[in-house]
Amino acid sequence: MSQETNLDQLFHARVRSVDAIIAAGMAIERLALGHGLSPLESIRFRFAVEELCSERLSHAFGPHEQPEAQIALELRPGEFVVVIEDAGSPIEA
């Protein structure tokens, strides 16, 4: 990540389980609320992140691989961006 991105990063977590994804989702929801998203928008944002991360950990890794993803919430001019990085195999959209 560039230094500029790091300055605008509000949250970063490494997740390896559904419980960790839910905890990260809750943090993202609270941060989104605190930065002006409505309660409904914040909840929808959280659930989209949780669903995508859960799908990645459930289907992108083989049976003998340790599933792991990095989740970051970035504040960019006029938008919130969630970046999800993992080393799993590509899956169908």
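Ala 72 stands opposite Val 83 in strand 3. Strands here (E, at least two residues) and helices (H or I, at least four) are DSSP runs, numbered from the N terminus. This is a predicted model, in which local features need pLDDT of at least 70 and side-chain atom pairs count only at pLDDT 80 or more, while totals for chains, interfaces and linings use all residues. Residues are numbered from 1 along each chain as its sequence is written, and side-chain values use heavy atoms, with hydrogens and water left out.

**Exercise 1. Work out the order of the elements from the N terminus on.**

Step 1: Start with the inventory, which is three helices and three strands.

Step 2: Follow the chain, and the elements of the protein run α-β-α-α-β-β.

**Exercise 2. Describe the sheet: in what order do the three strands lie, and how do they pair?**

Step 1: Take pairing to require at least two DSSP bridges between two strands. The strands then form an open sheet in the order 1-2-3, with antiparallel pairing.

Step 2: Find the edges. Strand 1 (9-15) and strand 3 (79-86) each pair on one side only, making them the edge strands. From one strand to the next, the twist averages 15°.

Step 3: Go through the bridges. Strand 1 and strand 2 are joined by six; here Val 15 has Ala 69 of strand 2 as its bridge partner. Strand 2 (residues 69-76) is joined to strand 3 by eight bridges.

Step 4: Finish at the turn. The hairpin of strand 2 and strand 3 has two residues between the strands, and Gly 78 takes a positive phi near 80° there.

**Exercise 3. Find out how helix 3 is placed on the strands.**

Step 1: Axes are lines fitted to C-alpha atoms, for helices over the stretch in contact, and angles run from 0 to 180 degrees between N-to-C directions.

Step 2: Read off the placement. Helix 3 (residues 39-59) lies across strand 1, strand 2 and strand 3, and runs at about 10° to strand 3.

Step 3: Look at one residue in this helix, Ser 42. Ser 42 is buried, with a relative accessible area of 0%; buried means under 20%, exposed over 50% and partly exposed in between (1.4 Å probe, protein chains only). Leaving aside neighbours within four places in sequence, Ser 42 is in contact (heavy atoms within 4.5 Å) with Glu 29, Ala 32, Leu 33 and Leu 37.

**Exercise 4. Characterise the one aromatic pair of the structure.**

Step 1: Recall the two quantities needed. A pair of aromatic rings is described by the distance of the centres and the angle of the planes. Rings of Phe, Tyr and Trp (its six-membered ring) pair if their centres lie within 6.5 Å; planes under 30 degrees apart count as stacked, over 60 as edge-to-face and the rest as tilted.

Step 2: Apply them. The structure holds one aromatic pair. Its rings belong to Phe 45 and Phe 80, at 6.3 Å centre to centre and 50° between the planes, which is tilted.

Step 3: Phe 45 lies in helix 3 and Phe 80 in strand 3, so the pair ties together parts that are 35 residues apart in sequence. Both residues, Phe 45 and Phe 80, are buried.

**Exercise 5. Which residues touch the most other members of the largest nonpolar core?**

Step 1: Define the core as a set of buried Ala, Val, Leu, Ile, Met, Phe, Trp, Tyr and Cys residues joined through side-chain atoms within 4.5 Å.

Step 2: Name the residues. Of its 18 members, Phe 11, Val 15, Ile 28, Phe 45, Leu 57, Ile 71 and Leu 73 touch the most others. Strand 1, helix 2, helix 3 and strand 2 are the elements giving two or more residues to this core.

Step 3: Zoom in on Leu 73. Its contacts beyond four places in sequence include Phe 11, Ile 28, Leu 31, Phe 45 and Phe 80.

**Exercise 6. Is Leu 31 buried or partly exposed?**

Step 1: Locate Leu 31 in helix 2.

Step 2: Check the accessibility, which at 25% counts as partly exposed.

Step 3: Leu 31 touches Leu 10, Phe 11 and Leu 73, not counting residues up to four places away in sequence. Its C-alpha atom is separated by 10.0 Å from that of Phe 80, 49 residues apart along the chain.
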